[in-house]
Amino acid sequence: AGLGFEEVALETFPGTTSDEVLQFVVRNGTRFSTYQFRTGISYDSRNRTFFATRGALHALTLDLALPGSDLQYFNASYRAQTYVPLPYRFVIELNGSVGYVDGYGNDDDVPPYENFFAGGPRTVRGYRDGSLGPRDTPFGNEFGGKLRTTAQAELVIPLPIESDGKSTRLSGFFDIGNVFAEPADFEFGELRQSAGIAFSWFTPFLGLLDLSYAFPLNAKEGDRTDRFQITFGSGF
């Protein structure tokens, strides 16, 4: 648990700032001071942090802009991982997450920079990073939303070139998820899906290197797909 203070200034530009940001600025101004309370709790029974083969991780976090701040909102998220060992060193890995941000009290506005985004290696592979969900007007850029829900299922395939499975991992995966402007906008049919194959390597210099090739299963017109994706380092 912890406390924090944040001061943010938004600058707008004629002809290049989205309508959503302009409307937010008209309602709330351009400078915001917030006093924050941040807390989280987790339970971790995995046998190792990277390339686990059994156990589970559950993490719940809550960030709250306290009363007296220029904006009052909360940001809550829950993440779960489960590893199920199978015969012949196969492993099933299940990941799920849900995040929700909203105002409270007399505030129902959420700062645009607090919105959730989805798409990319850590949410729904096969779609460009952060590209899923609502778009702004009139430019059609990614704007994010208040609700994000994602899930990933992977079958870890043992590699004959490595005996302990602690530095490389090959898996087939199925991802599903999306972002919605409001919780009431949630529709199962709007959840984007993808399937493919992924390879991970714990490198000496770059940390964890992830490569994936995905096939978007239900991409719709306007979706920005990206079948081959690469990331390195750890996510924060």
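Relative accessible area defines buried as under 20%, exposed as over 50% and partly exposed as in between, computed with a 1.4 Å probe on protein chains only. The model is predicted: local features need pLDDT of at least 70, side-chain atom pairs count only at pLDDT 80 or more, and totals for chains, interfaces and linings use all residues. Residues are numbered from 1 along each chain as its sequence is written, and side-chain values use heavy atoms, with hydrogens and water left out.

The structure holds 6 aromatic pairs (rings of Phe, Tyr and Trp, the last by its six-membered ring, with centres within 6.5 Å; planes under 30 degrees apart count as stacked, over 60 as edge-to-face and the rest as tilted). One of these joins F5 and Y35, whose ring centres are 5.2 Å apart with planes at 45°, so the pair is tilted. Because F5 belongs to strand 1 (residues 2-9) and Y35 to strand 2 (residues 31-44), the pair ties together parts 30 residues apart in sequence; strands are DSSP runs of E, at least two residues, numbered from the N terminus. F5 is partly exposed at 49%, and Y35 is partly exposed at 42%. Y213 and F215 form an edge-to-face pair, 5.3 Å centre to centre with 75° between the planes. Y213 has a relative accessibility of 35% and F215 a relative accessible area of 41%.

F90 lies in the loop between strand 4 (73-85) and strand 5 (91-103) and is partly exposed at 29%. Beyond neighbours within four places in sequence, F90 is in contact (heavy atoms within 4.5 Å) with V84, P85, L155, V156, I157 and P158. The C-alpha atoms of F90 and I157 are separated by 5.5 Å, at 67 residues apart along the chain.

Technical notes:
Helix = DSSP H or I, 4+ residues; strand = E, 2+ residues; numbered from the N terminus.
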